Amino acid sequence: MLRLTLKGLLAHKLRVALTALAIVLGVTFVTGTLVLTDTINNSFTSLFSKIYSHVDFEVRGVAAFSDQQGAGAVRQPVSDTLLGKVAAVPGVAASEGLVGGYAQFVGKDGKAITTGGAPTLGTTFGSKPELSALHPISGHGPTNSSQLAMDEGTAKKHGFNVGDRVTVLLPGPPATFTIAGIVRFGSADNLGGATLAAFTLPTAQKLFHVEGRVDSIEVAIAPGADKATVEHSIAKVLPTGVEVVPAQKVADEQSSAINNALGFFSTALLVFALISLFVGGFTILNTFSITVGQRTRELALLRIVGASRGQVFRSVMLEALVIGLLASIIGLGLGVAMAVGLEALLDAFGISLPKGALIFAPRTAIVGLAVGVGVTVVSAVSPARRAVRIAPIAALQGVQAGTEGNSLRRTVVGASFVLLGGAALGVGLSAPQISLVGLGAFLTFIGVGMLSPLVARPMASMLGRPLARLRGISGRLGRENSMRSPRRTAQTAAALMVGLALVSTIAVFGASLSRSATSSVSDAIAADYIAMATSQGGPPTGFSEAAAKTVAALPGVTLASPIYAGQAKVANSVTSITGLAPKDVGVTITLRMDQGDGTGALAGGQLLVDTTTATKDKLRVGQRLKVTFAETGPTTLTIGGIYKPNIILGSYLVGRSTFNAHFAAATLPLALLVSTSGVTSREMTTELTKGLAGYPNLTVQTRAEFEKTQEAQVNQLLGLVYALLALAIVVALIGIVNTLMLSVFERTREIGLLRAVGMSRRQVRTMIRAEAVILSVFGAVIGIVVGTGLGVALVTSLKDQGFTDLVVPWGNMVTFLVLAGLLGLAAASWPARRAARLNILEAIATE
Amino acid sequence: MTMIDTIEGSPTSARRPAASAVDLTKTYGTGDATVQALDGVTLEFGAGRFTAVMGPSGSGKSTLMHCMAGLDTPTSGTAFIGDAEIGSLDDKALTQLRRDKVGFIFQAFNLVPTLTARENITLPVDLAGGKVDEDWLRQVTDQLRITDRLGHRPSEMSGGQQQRVACARALVTRPELIFADEPTGNLDSNSSTEVLEFLRRSVTEFGQSIVMVTHDARGAAFADRVVFLADGRLVDELEDPTSDAILEKMKKLGG
C-alpha cells in the first residue's frame, strides 16, 4: 500500500507541487519569523553581554515599580557623592557615574536626524576606558562642555567627521558641540538604529537636569577580589533606595526588554503565518476531495482486490503525511532565506541590527514541521473518510464519490460551527479576550465553509449570468462548470472567503478607527495648532521644553500648552498620567466632563479619570486612589471628576503643578497645543514654523492637518496589515489554480470534444477564466459579508475604547470584489492556457 | 470510375469531392518502434455520398479520418476538405473549418454534460456566434425523434438518444462533410439501426456527405461505397455494397 501511495504521488507531481505550495508558504513564514526573532534576540543578548563585559556591578536606584521586568523600570538617579564612597570600598578597582537622557542630532541639512522608532540617546563618555562601553575609533572622548562623541553609525550615514560642529536637540534649548571623537557601541557601529551623543559627566548632568546626581555607577573589581564580598561591601555603604546588582543582570534586563518589544512583532507575524496556513488547509482539503473523487474507480478497484477500509484510509492519510512533510522541509529551508531577506529589509528601512550568526533553534524545526504536517494531515481527514465510504461496486459504475448534493449532517454541523463561533466571538469581544475572538472567527470560518455549498449553485448561477451574457457560449459553459459541483466550488472559494473576510474586517475596523480618530481630534483639541515631535512612522518622541517657551513668546500666540505624560502606578497597574495646566482647559484642550468640575479639580490637585477607565475599574468621584510615582513614591489622590475619553489625554489627568511635584524635571512634553489670537492663516503658520526653526524635530500642524496625519497613520497601519494578509490571499489563489488544473484534467475529453466541434483556443481560455472569476467572486462575496459582520461586531464592542463611529467602507468592498475577480482571472491564466493547448486527438482518446 | 479520374477532373463529374487525400503518410515513433499508420493513401470522398472506411484493427482507418479531419497532422502528403488544404491551416483556421465545414460523431462521449440536448446541438453555431436555423433544427430533430428531449441533459437520456443528439449536432451547420468514428460502437442493435438509417437518409434526402469509420459490416452496408484499408494502404473498395460482399472482402483482408 505504501509503494502504491508513493507511486501515485510521483505520477501526479504537478498536483502534489501545487498542494504543497500552500503549506510551503505558511511554513516559510513561520520559520522565517522564528529564525529572525531568535537571531535578533541572540544578537542583542551577546551585544549587551559584551558591553557589560568589563563591568562587574552597577549601583542604581531601586525601581519604584516596573511595567515589565528589568529595563522598563523607572528609577531615580542617585547622589553623585556616592561615587567617592563606592570608589573607596575595598576591592573596587574602578568606578564611574553614568547619566543618560534625550539628545537628538540635527543633520547638516538642518533637519533633525530621526531613527524610525529607535531611541536618540544622550549619555556620558567615561573617563575610565576600562569601564566604558564606548570605544573611540577616531579622535577621542569629549574633554570639555563644548565637545561630544558621536556614534559611528550616525557619523557614517550623515557624513560627520571629527572636528565638525553638530547641533543637538536636548530637554533644554538646543546646543551646538564640536565632535571630539567617533565611537563604537560595544563592537557594533550602532544599536538597532539608535543614535548616541556622549558628553562629559558634568556636561551631561547639566544638560539632562540631574546636577549632583548620576543615573548609575558602574563598578569594576580588582583582580583577585572576591565578587560576593565586594558586592556585600558596596551594599553596606549605600543608602536605602539604592541597590548594587551584578552587571550580567543589567545586561540580561536590557536585552530582555528589547526582546520583549520584539516579541510583539514576532507574535504578529506568526498570527499572519497561521492565518495563511489555515487558508492553506482549505486548499488541501479541496485538493484531496477532488482527487479522491477522481480516483473513485481506482480506490474501488483496490477494495475489490482486497484492500480494507483501513488501508484505503491510511493510503490517503499517508499521501497527506508525505506531502506535508516534504512541504514543511522545503518551507524550513525557505524560511531561513526569508529571515535573511527580512533582516536586509529592516536594514534598508534604517533599523540596523547588530550583526550575529543566524540562529536556527531546534524549536523552529519542530514548530515548522508540526504545523505544516499537522495542517496537511488534519485537512485530509474528511476526504480520506469519504474515500473509505466508496463501495467496491463503484469501480464498475464509474460514478464519482463526493459529487452528491448537500447532506443534512453537513448542514447541521456547519450551522453548529457558525453558532458556536458566533457565541465565542460574542463572549470574546465583550470580555474582551483576544484568543476567544480568534477561536470564534476560526469556528465561524469553518462553519461558513461547510454551509457555503448550500448557496454555491444559486450564487454561481447568479454571478455567472452577466458573464454568460457578455461572453456567449464560453461564458455560459464557464458558469455551468462552476455550478457543476457545488461542494468543490464552495471549498475552493472558502479559502478566498477567509482571506477576504479578514481583509473586510480590517477595512471596517480601519475606516471606523480613522473616522473616530478624526472626529475625536475635534472633540479633544480646541487649539489652532498642534506641534509634535515624530520620527517617521514611530510614536511621538519628547522634545525640548524650551520650545514651548519660545512659541509662547511669539506674537499672535495667546496660549501654548505643553502636554506632559509620565508613567505611574495607579491601583495595581502601571499606566500613563497626563499633566495639564488648568488654564488650558477650554482654550487649547476640550474636556467634556461626565461628572465633577474639571478645571477646579485640576487646580485643586485632584485626579481626573476618563469614562472608560472609570467604568472598567468602577471608580467614582470622591474616591481616593493610591498612586505610586517613581520619583516621589506612593501617595493618595482624590478623584475629582470623570471626563469623556480624549485621544490626547489618555486615562488619567492631573494639573501641571501636581505633575511637576511628582515627576523629574527632565520629563519631556509630548505635544504642544497652540491657540492664536486670529484664525489659522498662512502668516501664522509661517510665524510658528520660523519660531520653531531651532527645533527641527518639531512639526507644526493646523488642527485639520493633524486630523489628516492621524488618518494617514491609521491608513499606513492598515496598509501593513493588508500586505501581511496578502499572503493568505496568495495561498487562496494557489488553491484556485489547483482546483482549475484538476478540473481541466478531469474534463480533458470534454474540452477535446468542444475543440472538435469548433471551440477556438481563445474560447476555451474564456471558459476557464469565466469559471475562475465566478469562483473567486463567490468567495469574495461570502468573505465580504462575513468580514463586514465581524468588523461591525468588533467596532461595536470597542465603542467604549474610543470607537465612536462605525463606518462600513462600501467603496473598498466593491474594490475588493473587483480585485478578487481580477485575481481569479490571474489564477486562471495557467490552467486556461493548459486547457487551450490540449491536443484534441489525445483529449478525445482520453479514457 | 476510379478516384484518380475524378481528381484529374473528369468532365462527367460536375461536383468536386467533399474531401480528398493525396499520398498521405503518417508515421508514429522513431527507430525500431516506428509504426507506419498511413502509407501513401490517395483517395477522395465524393460529395453527397455515404462512404464507409473499413479495415482490421491497426489498419490506419482512424488515423486516416483524423488526418483528413484536421485533428492530426500527416507526416507527408496533403488532405483537402472541399478546396481547403488542411496542412496549410493554422489552429484558428482549423477551428473555423471544424465549426463550419465539418461535423463529428464519436463513438462515445459526444455531448457536454452541463448543456441540454438543444444547447449541445447548437453548440457549433453558438461557438461561431451565429444564428440557428430553427426550421432546419426542427426538421433534423423531428427526423431523429428527439424534439421532445431537447430540454434534457445528457445524463437524463439513453445512449441511443445521446447518439442521436450527436447526429443532430453534426448536421446542424450543414457541413460539407460529417466524420463519424464508429458512431454505433456503443449502441444496441435497435439504436444502431436507428442511427444508421438516419445517416443514410440525411445523405439521400439532404445530400449530406458522410464518412464513417466502422468495423461492422452490417453498418457499412448502409453506405454507398466502402473503402478497405490494411497496413496503412488503400487495398480495395466496393460500390453499393451488401453485408455479404463486405464480409467476403474483410475475410480476405484477414480482419
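This briefing covers one helix of chain A, one helix pair in chain A, and the contact between chains A and B. The model is predicted. Helices H7(A) and H15(A) pack at an angle of about 175°, and 22 residues of chain B are in contact with 20 residues of chain A.

**Helix H12 of chain A**
- The buried residues of H12(A) are Gly414(A), Phe417(A), Val418(A), Gly421(A), Ala424(A), Leu425(A), Gly428(A) and Leu429(A).
- These buried residues pack against two helices of chain A, H13 (434-451) and H23 (761-797).

**Helices H7 and H15 of chain A**
- The axes of H7(A) (residues 247-294) and H15(A) (residues 486-524) are 8 Å apart, at an angle of about 175°.
- Because angles over 145 degrees count as roughly antiparallel, H7(A) is roughly antiparallel to H15(A).
- From H7(A), the contact residues include Phe278(A), Phe282(A), Asn286(A) and Ile290(A); among those they meet in H15(A) are Arg488(A), Gln491(A), Ala495(A) and Leu502(A).
- By class, this contact between H7(A) and H15(A) has ten nonpolar, six polar and one charged residues.

**Contact of chain B with chain A**
- In this contact, 22 residues of chain B meet 20 residues of chain A.
- On the chain B side, the elements giving two or more residues are helix H3 (91-100) and helix H5 (123-127) of chain B.
- H3(B) supplies the largest share of that side, five residues.
- The side of chain B that touches chain A has ten nonpolar, five polar and seven charged residues.

Notes: Residues numbered from 1 in each chain as written. Chains lettered and ligands numbered in written order. Predicted model: local features only at pLDDT ≥ 70, side-chain atom pairs only at ≥ 80, totals over all residues. Buried ≥ 20, exposed ≤ 12 C-beta atoms within 10 Å, placed from the backbone. Helix = DSSP H or I, 4+ residues; strand = E, 2+ residues; numbered from the N terminus. Contact = placed C-beta atoms within 7 Å. Nonpolar A, V, L, I, M, F, W, Y, C, P; charged D, E, K, R; others polar. Axes fitted to C-alpha atoms, helices over the stretch in contact; angles between N-to-C directions. Parallel < 35°, antiparallel > 145°, perpendicular 65-115°, else oblique.
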